[in-house]
Amino acid sequence: MAEFSEVIKGRRSIRKYQDREVSAEQLKSVLEAVQWSPSWANTQCWEVVVVKDPAIRQTLQETLAKGNPATKAVVDAPVLLAMCGKLASSGYYKNEVTTKFGDWLLFDLGIATQSLCLAAHDLGLGTVIVGLFDHDKAGAALKLPAGYEVVTLIPLGYPAKESSPPKRREITEFTHQDTF
Ligand SMILES: Cc1cc2nc3c(=O)[nH]c(=O)nc-3n(C[C@H](O)[C@H](O)[C@H](O)COP(=O)(O)O)c2cc1C
């Protein structure tokens, strides 16, 4: 187990994977990180599709925007997780939106996704969050029922190559005191 700060800072987007399986126990651990994530009024609107079937993987790969750097990872990683969510539940009360932001599905899935990626990194596994693809075509490939969307695809596996961390903004650049 790594230091907490190392888990936060050391996680990188991994786009090249070893030809090595992820165990059922490891997969359970990363899914537990989703399970215990916070969500709007504990809505837990997430649904995770574990995609191992090569044909479905290839169809999903074809939905990626041309030149997406994660293109190979979508088929090469031993596991591909499709992070899906139920529409019109998070941020809603009695079927009505409660805030100006409408559906909080992306927010809740974002938290759950970060939990998943950090848990994976803690286990020595790599991930990359893939958001640039045709979501409707990917939803069809995954046979999503009406009222659900696929938001991101996450390849998961042992890293073959790690890239250096992209530069971050300084804390002082994004922190404001008292007013913006
Ligand atoms: C919502 C979201 C969507 C992303 N979509 C893609 C993507 O489609 N393809 C890709 O290669 N990386 C994608 N990334 C990964 C980012 O490029 C990466 O997190 C960022 O460059 C910082 O690098 P790091 O994760 O190694 O710290 C995405 C990240 C997020 C949070």
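**View 1. Gln-26 contacts the backbone of Ser-23 in this predicted model.** The side chain of Gln-26 reaches the backbone nitrogen of Ser-23. The separation is 2.8 Å. Gln-26 belongs to helix α2, which spans residues 24-35. Its relative accessible area is 13%. Buried means under 20%, so Gln-26 counts as buried. Setting aside neighbours within four places in sequence, Gln-26 touches Glu-21, Leu-123, Leu-125 and Tyr-158.

**View 2. Four strands make an open antiparallel sheet.** The strand order is β2-β3-β7-β6. Strands β2 (46-51) and β6 (126-127) sit at the edges, and each pairs on one side only. Helix α2 packs on this sheet. The helix touches β2, β3 (79-86) and β7. The direction of α2 makes about 165° with that of β2.

**View 3. Strand β6 is joined to β7.** The two strands run antiparallel. They are linked by 2 bridges. Thr-127 has Leu-156 of β7 as its bridge partner.

**View 4. Glu-149 lies in strand β7.** This strand covers residues 148-157. Glu-149 has a relative accessibility of 28%, so it counts as partly exposed. Lys-86 is 63 residues away along the chain, yet the C-alpha atoms of Glu-149 and Lys-86 are separated by 6.7 Å. Leaving out neighbours within four places in sequence, Glu-149 is in contact with Met-83, Cys-84, Gly-85, Leu-87, Asp-136 and Leu-144.

How values were computed
Residues numbered from 1 in each chain as written. Predicted model: local features only at pLDDT ≥ 70, side-chain atom pairs only at ≥ 80, totals over all residues. Heavy atoms only, no water. Buried < 20%, exposed > 50% of the residue type's maximum accessible area, 1.4 Å probe, protein only. Contact = heavy atoms within 4.5 Å. Polar contact = N/O pair within 3.5 Å; in protein donor to acceptor, adjacent residues only side chain to side chain. Pairing = 2+ DSSP bridges. Axes fitted to C-alpha atoms, helices over the stretch in contact; angles between N-to-C directions.
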